[in-house]
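Here is a short briefing on how one protein chain packs. Look at the sequence and the coordinates first.

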Amino acid sequence: MTVQGLFSARANAAAQISAVPRIAIVGRGFSGMMTAIALMKTVRAPFHLQLFDPNSSVSGGQALSSVRASTILNTRVRDLSVSLGDNDDFNDWLCSNAAFRAAVPAAIPGFRQIFVPKEIFSDYVYQRFSEALAARRDITVQVCNDPVVAIRRSHGNRFLLESANPANPLFDTVILATGYGLTEPDAGGPDVSSVRAQRLVARPHAVLLGSGIRVVDQLLQLRDSGYAGQITIISRRGFLPQSHTPNSADPVFPAEALPQSLPDIVRFIRQACREAEEEGRSWQSVMNGLRKHARLLWRSLPARDKHQFNRHLRAIYDSHRNRLPEAMHLRLKRELAEGRTVLRRGRAGRQGLSGLFFTPAGSSVEEVIHAERIIDCRCQAPDLSAPLMQSLLSAGLAMPDELSLGLAVNARGEPFLKDGSTVAGLFAVGPLGLGSLPDIDLVPEIVTQAYAAAERVGERFYPQVKAV
């Protein structure tokens, strides 16, 4: 499907496509749609854009995706703007929505501090994408549902995307926005595996695998749908998301020089949190302020400290940065206090006919947890063994980061090569760069990176045209 600037004549599409740079975005989750918006608003000259994804709809990526309409985002409205430099854009969009204003009258005149359903945010992103496209008569956008299995460098420093369609043309720029990985159609929700254990389970029992926002979301959705059985959460490290504060928790962070070693950094942050609490603020404010320094701190760490952080501290860090709205956290605490939900720390193994094989933390003895359903809510890291990633690595177009969490990239999303250089025209935007850029899985950081990548694309093809 090809869409041209809404007021352009369709007859001119073929001629325009052949005469302008061709840009491919692989992935239509939030990272991909955000990059498309940034390109349309930043590159002030003609181009053709092709969006690749096996799914026919935008899910928002693994971290935001949900098949349920009532799920709530764990980020305040103030941090969800897709307009660079205008933090109130989403709030203004909500204020202009009469139906939303009527449904949430207590938040008037603004909605900056509230949490909204995911489908509301999705509608906002779609509308900003449509508006950006409508404002451009000089570009075409094509959507392709064929999965991309490899990216090759061709003659003339262009790129060939291998997919089920052998007629794919060459592209001048390729932007990987696969997030944590592309899923096949109709696989957007959590994996639900039913096991034949009804006769072995005296009371209905569900097992949820994971420790992040998605596992809490699934727990509460089960309860809201009337599920009254026992629920067990299996977490490798045993840390569940902490709570947001009822107030704004504006970012604060000590101004003194930051330490350089991992133990000193941990002590520094803990002390800052204690001091914030003593002064009437909150540790959440310190964690919000830490985001502005996270990349500098990460770059200063030697490789051994990065590995140590990933093994022992990442789960704690994630539980404090990816927080729950207070009402959801209170429901989680009540579930655990009443024993209706049990948190077990350890390793989930294979599934059998009667349930899940499980090895508790600190033990080598495997046991079976009997359950009639097992739901995998874990947010997987990008799969570097996937054919698409392997095509880049084997061709020397990219390399893994130090922790093999994804690709090594710079702030614009350009993948690093072994000699420290980058490949012109190739980008990896969003969570693919999580091992290089802390918090690049969060909306404000993705927005900033998408605009930086778009500006670099504009400079490359149209150096004489000033970006807006």
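This is a predicted model: local features need pLDDT of at least 70, side-chain atom pairs count only at pLDDT 80 or more; totals for chains, interfaces and linings use all residues.

The protein has 468 residues, and buried ones make up 50% of them. Its secondary structure comprises 13 helices and 16 strands.

**Overall figures**
- The protein exposes about 21,600 Å². Carbon and sulfur atoms supply 53% of that area.
- Take the contacts between residues at least 6 apart in sequence: 72% of them join residues at least 24 apart.

**Nonpolar cores**
- In soluble globular proteins, nonpolar side chains tend to be buried together.
- The largest nonpolar core here holds 48 residues. Those touching the most other members are F30, M34, L39, L49, F90, L94 and F121.
- A second core is separate and has 28 residues, including F159, M389, V409 and A428.
- Setting aside residues up to four places away in sequence, F90 touches V77, L80, S81, V116, I120, F121 and Y124.

**Aromatic pairs and a charge over a ring**
- The count of aromatic pairs is 11.
- F90 and F121 form an edge-to-face pair, with 5.7 Å between centres and 70° between planes. F90 belongs to helix α3 and F121 to helix α5, so the pair ties together parts 31 residues apart in sequence. Both F90 and F121 are buried.
- F253 and F268 also pair, with ring centres 5.9 Å apart. Their planes meet at 55°, so this pair counts as tilted. F253 sits in the loop between β11 (230–235) and α7 (262–278), while F268 is in helix α7. The two are 15 residues apart, and the pair links distant parts of the chain.
- F253 has a relative accessible area of 17% and is buried. F268 is likewise buried, at 17% relative accessibility. The cut-off for buried is under 20%.
- Ring pairs also join F30, F90, W93, F121 and Y124 into a cluster.
- R350 places its charged end over the ring of F357, at 3.8 Å from the ring centre.

**Helix α8**
- How many of the 8 residues in helix α8 are buried? The count is 8 of 8, so the helix (residues 283–290) is largely enclosed by the rest of the structure.
- The buried residues are W283, Q284, S285, V286, M287, N288, G289 and L290.
- They pack against α7, α9 (294–300) and α10 (303–321).

**Q284 in detail**
- Q284 lies in helix α8. Its relative accessibility is 7%, so it counts as buried.
- Which residues does Q284 contact, leaving aside neighbours within four places in sequence? They are S243, H244, T245, A249, E277 and R323.
- With S243, a polar side-chain atom of Q284 lies 2.8 Å from the backbone oxygen.
- T245 is 39 residues away from Q284 in sequence, yet their C-alpha atoms are 7.2 Å apart in space.

Conventions
Residues are numbered from 1 along each chain as its sequence is written. Side-chain values use heavy atoms; hydrogens and water are left out. A nonpolar core is a set of buried Ala, Val, Leu, Ile, Met, Phe, Trp, Tyr and Cys residues joined through side-chain atoms within 4.5 Å. Buried means under 20% relative accessible area, exposed over 50%, partly exposed in between (1.4 Å probe, protein chains only). Contact means heavy atoms within 4.5 Å. Rings of Phe, Tyr and Trp (its six-membered ring) pair if their centres lie within 6.5 Å; planes under 30 degrees apart count as stacked, over 60 as edge-to-face and the rest as tilted. Helices (H or I, at least four residues) and strands (E, at least two) are DSSP runs, numbered from the N terminus. A charge sits over a ring if NZ of Lys or CZ of Arg is within 6 Å of the ring centre and within 35 degrees of the ring normal. Accessible areas come from the Shrake-Rupley method with a 1.4 Å probe; for residues, only the protein chains shown count as cover. A polar contact is a pair of N or O atoms within 3.5 Å; within protein, one must be able to donate a hydrogen and the other to accept it, and residues adjacent in sequence count only if both atoms are side-chain atoms.
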